[in-house]
Amino acid sequence: MSKPIYILNGPNLNRLGIREPAIYGRTTLAEVEAKCRAAAPGQTIVFRQSNREYEIIDWVHEAIDEGSGLIINPAAFTFTSMAIMDALKMFPGPLIELHISNIHKREPIYHKSYVSPVATAVIAGLGTNGYPIAVRAMLDMIDQPASTP
Ligand code: CA2
């Protein structure tokens, strides 16, 4: 049995599909989770969301010990949390930073990510479709680690 892929979501993403549909779309986080599971039949996926920084750090530690790959949408913690960045630095496998919106097209406060310098890859601006795309890319990277830059 292969080790799980962790998909971690940061603050306010539990409101997905309910508020600000012009930016974040109408798909709920539960629907995003279902899309991720459908993209990887037979693969164990741990899908979580928290509004608490310490909880996300604890889950990154869990992923370091038990996961094969990590996809994270840290939401606002992307731009504020050196603590999450420090935890992510310890992740030994492929790490994808994911954003629903194109953060670079938004206001300057959304341009400086603490996570990008420690990520294997960054996906931004594909809407919630970015999630299953990230899962498929992650499966490829786990299958062919040598080809990951
Ligand atoms: O585009 C993304 O995925 C973001 O990570 C979302 C964050 C934002 O701070 C990042 O710049 C980009 C905000 C998530 C807020 O989620 C909401 C969901 C529904 C309604 C309101 C907020």
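Residues are numbered from 1 along each chain as its sequence is written, and side-chain values use heavy atoms, with hydrogens and water left out. Because the model is predicted, local features need pLDDT of at least 70 and side-chain atom pairs count only at pLDDT 80 or more, while totals for chains, interfaces and linings use all residues.

**Cores**

The largest nonpolar core holds 22 residues, and those with the most contacts inside it are Ile7, Cys36, Phe47, Ile71, Tyr131 and Val135. A nonpolar core is here a set of buried Ala, Val, Leu, Ile, Met, Phe, Trp, Tyr and Cys residues joined through side-chain atoms within 4.5 Å. Buried means under 20% relative accessible area, exposed over 50%, and partly exposed in between (1.4 Å probe, protein chains only). Two or more residues of this core are given by each of strand 1 (5-9), helix 2 (29-38), strand 2 (45-49), strand 4 (95-99) and helix 5 (130-143). Helices (H or I, at least four residues) and strands (E, at least two) are DSSP runs, numbered from the N terminus. Helix 5 supplies the largest share of the core, five residues.

Phe47 touches Ile7, Asn9, Leu29, Val32, Glu33, Cys36, Arg37 and Tyr131, not counting residues up to four places away in sequence. Contact means heavy atoms within 4.5 Å.

In helix 2, the buried residues are Leu29, Val32 and Cys36. Seen down the axis of helix 2, these buried residues fall within an arc of 50 degrees, so they line one face of the helix. The arc is that of the directions from the helix axis to the C-beta atoms. An α-helix has 3.6 residues a turn, so residues three or four places apart point the same way. The buried residues of helix 2 pack against strand 1, strand 2 and helix 5. On the face turned away from the buried side, helix 2 carries the exposed residues Ala30 and Ala38.

Helix 4 (82-89) has Ile84, Met85, Ala87 and Leu88 as buried residues. Viewed down the axis of helix 4, its buried residues fall within an arc of 160 degrees, so they line one face of the helix. Their packing partners are helix 3 (53-66), strand 3 and strand 4. Lys89 is also found in helix 4, but at 52% relative accessibility Lys89 counts as exposed. Lys89 and Ala119 are 30 residues apart in sequence and 8.3 Å apart in space, C-alpha to C-alpha.

**Ligand site**

Of the 18 residues around the ligand, Asn73, His99, Ile100, Ser101 and Tyr110 come nearest. A residue is counted as near a molecule if one of its heavy atoms lies within 4 Å of it.

| Residue | Part of the residue | Distance to a ligand oxygen atom |
|---|---|---|
| Asn73 | side chain | 2.8 Å |
| His99 | side chain | 2.9 Å |
| Ile100 | backbone | 2.7 Å |

The protein covers 93% of the 500 Å² of accessible area that the ligand has on its own. Accessible areas come from the Shrake-Rupley method with a 1.4 Å probe; for residues, only the protein chains shown count as cover.

**Loop residues**

The loop between strand 1 and helix 1 (21-24) contains Asn12. Asn12 has a positive phi of about 75 degrees although it is not a glycine, and it is exposed, with a relative accessible area of 55%. Glu20 lies in the loop between strand 1 and helix 1. Phi of Glu20 is near 50 degrees, a positive value in a residue other than glycine. Glu20 is partly exposed, with a relative accessible area of 47%.

The loop between strand 3 (69-73) and helix 4 holds Ser81, and the loop between strand 3 and helix 4 is also the place of Thr78. Ser81 is buried at a relative accessible area of 1%, and Thr78 counts as buried at 0% relative accessibility. Which residues does Thr78 contact, leaving aside its neighbours within four places in sequence? Thr78 is in contact with Glu97, His99, Lys112, Ser113, Tyr114 and Val115. Ser81 touches Glu53 and Tyr114, not counting residues up to four places away in sequence.

Key. A polar contact is a pair of N or O atoms within 3.5 Å; within protein, one must be able to donate a hydrogen and the other to accept it, and residues adjacent in sequence count only if both atoms are side-chain atoms.
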